[in-house]
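Please look at the sequence and the 3D structure below before reading on.

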Amino acid sequence: MVRRSMNRNQLHDQNLSFVLQQIFNNHPTSRIEISHQLNLNKSTISSLYNTLMAAGYLTELGLGEASTAGGRKPTLVEINRDYGYTLTFDLGFRHLHALVTFLDGHVWKYDRIETKGQSIQEMITTMRDYLDNLNQENTTSHGLLGICFSIHGIVMDNQVQTSPFIDMAGIDLEQVFSEAYQVPVVLENEANLAAVYERDFNGARNLNSTVTVSIHRGIGAGIILKRDLFRGEHGDAGEIGQTVASIAMDGAGNPHPIHAEDISSEDAIIQQIEDKKGLKNLDRTAVVKLYQVHDPDTTAVLTQFTTAIGGLIYNLMRSLDPDAFFLNSALVEEIPALLKQIRAVYQSLAQNDVPIELTQNARLATVLGGCSLITHRVLGLDHYELNFERPSADDTK
């Protein structure tokens with residue numbers, strides 16, 4: 001009897017999750033439409049619907065159109081964006097990116113905060129000040145619902161394992177922020193979040209397996225296999241920047257590995273151009289301008305870059321065999337000709353037409369991926385597919 005009761009409870013919870021998923025993915029919708037989609041009877045749907053409504057997750061929009069067979073007009077419903085909000089921080093080397101989204105995934109606000117040179121303790125103070133300001137501006141009924149951190153390093157079991165660009169000083173971000181704000185806190189690698197963004201917001205909605213290659217200060221790959229994020233046994237999956245591109249010998253005859261991100265990350269490209277031209281303090285904007293005036297040194301470095309990335313994608317294809325690749329690179333976004341060159345290099349090696357696409361709105365890919373991850377957690381839908389609307393440029397100015 002107890003076992004049967006537990007099974008009924010489990011079935012109820014599962015059906016409740018299915019109804020919530022349907023409403024999130026098909027807004028606005030109605031109880032009759034949910035009943036048709038889930039093949040559940042109307043009384044069951046009404047009971048589940050009433051549970052979600054009582055919890056405050058839903059908002060009714062009024063009456064829709066009656067069916068062609070006539071009958072009563074259905075009441076339309078969607079996720080209640082005023083229930084609360086989530087927050088994603090991307091802990092970059094130079095900037096802290098903050099994206100605040102309502103429960104339905106729509107953007108409330110986006111900010112980029114200068115943090116270059118700050119210690120992790122100073123960054124935490126900056127983030128807590130930001131949260132305090134949000135709390136003062138908040139008009140939702142439940143306020144902060146959850147926090148996601150995008151980490152430029154290896155994350156496993158919600159803990160930062162390595163962080164090459166920011167010294168974490170042994171600080172447990174999950175503990176610090178969950179204790180301070182009493183909400184779920186999720187940590188994830190930034191390349192993994194870019195892959196989640198492609199799956200849930202962007203070009204990979206209808207694809208089974210994809211690889212998103214993020215090229216920034218370092219190089220990483222977010223891997224989606226069978227619609228699930230693949231992290232590996234120790235969180236190291238996708239650390240392609242550390243793959244060995246070549247081996248040099250030092251003066252003592254000892255081998256010295258040269259890693260992919262030593263020659264193909266954005267920082268490495270800038271350093272190579274600075275060395276060739278005898279310049280200092282170049283940035284991406286300067287590199288783009290040099291390319292646009294056909295500077296031969298810049299052209300040579302970027303040709304080497306596209307050759308290396310094309311080869312890297314070929315190796316990933318042989319290892320993972322995904323449906324498509326996405327490039328999350330602000331540099332390639334600003335110089336579209338580089339994407340064409342990367343495709344040409346890949347096709348010369350692979351002789352097939354696996355798509356290699358550029359991530360749209362790369363600036364926000366990781367924080368939007370974080371929005372998806374923390375929204376799944378807050379709604380209790382970690383293993384359910386949710387489809388989000390990609391924000392417009394005006395939403396994130």
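Pro28 sits in the loop between helix 1 (2-25) and helix 2 (31-38). Helices (H or I, at least four residues) and strands (E, at least two) are runs assigned by DSSP and numbered from the N terminus. The peptide bond that joins His27 and Pro28 is cis, with omega at about -10 degrees. This is a predicted model, in which local features need pLDDT of at least 70 and side-chain atom pairs count only at pLDDT 80 or more, while totals for chains, interfaces and linings use all residues. Residues are numbered from 1 along each chain as its sequence is written, and side-chain values use heavy atoms, with hydrogens and water left out.

Two further loop residues have a backbone angle to look at. Asp157 is in the loop between strand 7 and strand 8 (159-162). The phi of Asp157 is positive, near 55 degrees, in a residue other than glycine. Arg227 is in the loop between strand 11 (219-225) and strand 12. Arg227 is not a glycine, yet its phi is positive, about 75 degrees.

Asp157 has a relative accessible area of 65%, so it is exposed. Arg227 is at 12% relative accessibility and therefore counts as buried.

Next come the pockets. Both pockets and cavities are found on a 1 Å grid over the protein atoms alone: a cavity is a set of points where a 1.4 Å probe fits but cannot get out, whereas a pocket is an open set with protein on both sides within 12 Å along at least five of seven lines, and lining residues have an atom within 4 Å of a point. Grid points are joined across faces, edges and corners, and a volume is the space filled by probe spheres set on the points.

The largest pocket has a volume of about 960 Å³. It is lined by 31 residues, and the closest to its centre are Arg94, His95, His216, Glu266 and Arg284. At least two lining residues come from each of strand 3 (85-91), strand 4 (95-102), helix 8 (266-277), helix 9 (284-292) and helix 11 (330-334). Helix 8 gives the largest share of this lining, 5 residues. By class, the lining of the largest pocket has 7 nonpolar, 10 polar and 14 charged residues. Here Ala, Val, Leu, Ile, Met, Phe, Trp, Tyr, Cys and Pro count as nonpolar, Asp, Glu, Lys and Arg as charged, and the others, Gly among them, as polar.

The second largest pocket has a volume of about 540 Å³. Of its 22 lining residues, Leu229, Arg231, Leu373, Arg377 and Asp382 are the closest to the centre. Strand 7 (154-156), strand 9 (185-189), helix 6 (190-200), strand 12 (228-230) and helix 13 (365-379) each give at least two residues to this lining. The lining of the second largest pocket divides into 9 nonpolar, 3 polar and 10 charged residues.

Charged side chains can also pair. A salt bridge is a side-chain nitrogen of Lys or Arg within 4 Å of a carboxyl oxygen of Asp or Glu. By this rule there are 14 salt bridges. One of them joins Asp267 and Arg94, with the closest N and O atoms 3.8 Å apart. Asp267 lies in helix 8 and Arg94 in the loop between strand 3 and strand 4, so the pair ties together parts that are 173 residues apart in sequence. Asp267 is partly exposed at 23% relative accessibility, and Arg94 is partly exposed at 36%.

Another salt bridge joins Asp295 and Lys277, with the closest N and O atoms 2.7 Å apart. Asp295 is in the loop between helix 9 and helix 10 (296-320) and Lys277 is in helix 8, so this pair ties together parts that are 18 residues apart in sequence. Asp295 counts as buried at 10% relative accessibility, whereas Lys277 counts as partly exposed at 29%. Salt bridges that share partners join Arg94, Arg217 and Asp267 into one network.

The last stop is on the surface. Val244, Ile247 and Met249 form a nonpolar patch there, with about 320 Å² of accessible area together. Patches are made of residues with over 30% relative accessible area and no salt bridge; like charges are joined within 9 Å, and nonpolar side chains (Val, Leu, Ile, Met, Phe, Trp, Tyr) within 5 Å. Accessible areas come from the Shrake-Rupley method with a 1.4 Å probe, and for residues only the protein chains shown count as cover. Ile247 lies in strand 13 (residues 244-249) and is exposed, with a relative accessible area of 56%.

Methods. Buried means under 20% relative accessible area, exposed over 50%, partly exposed in between (1.4 Å probe, protein chains only).
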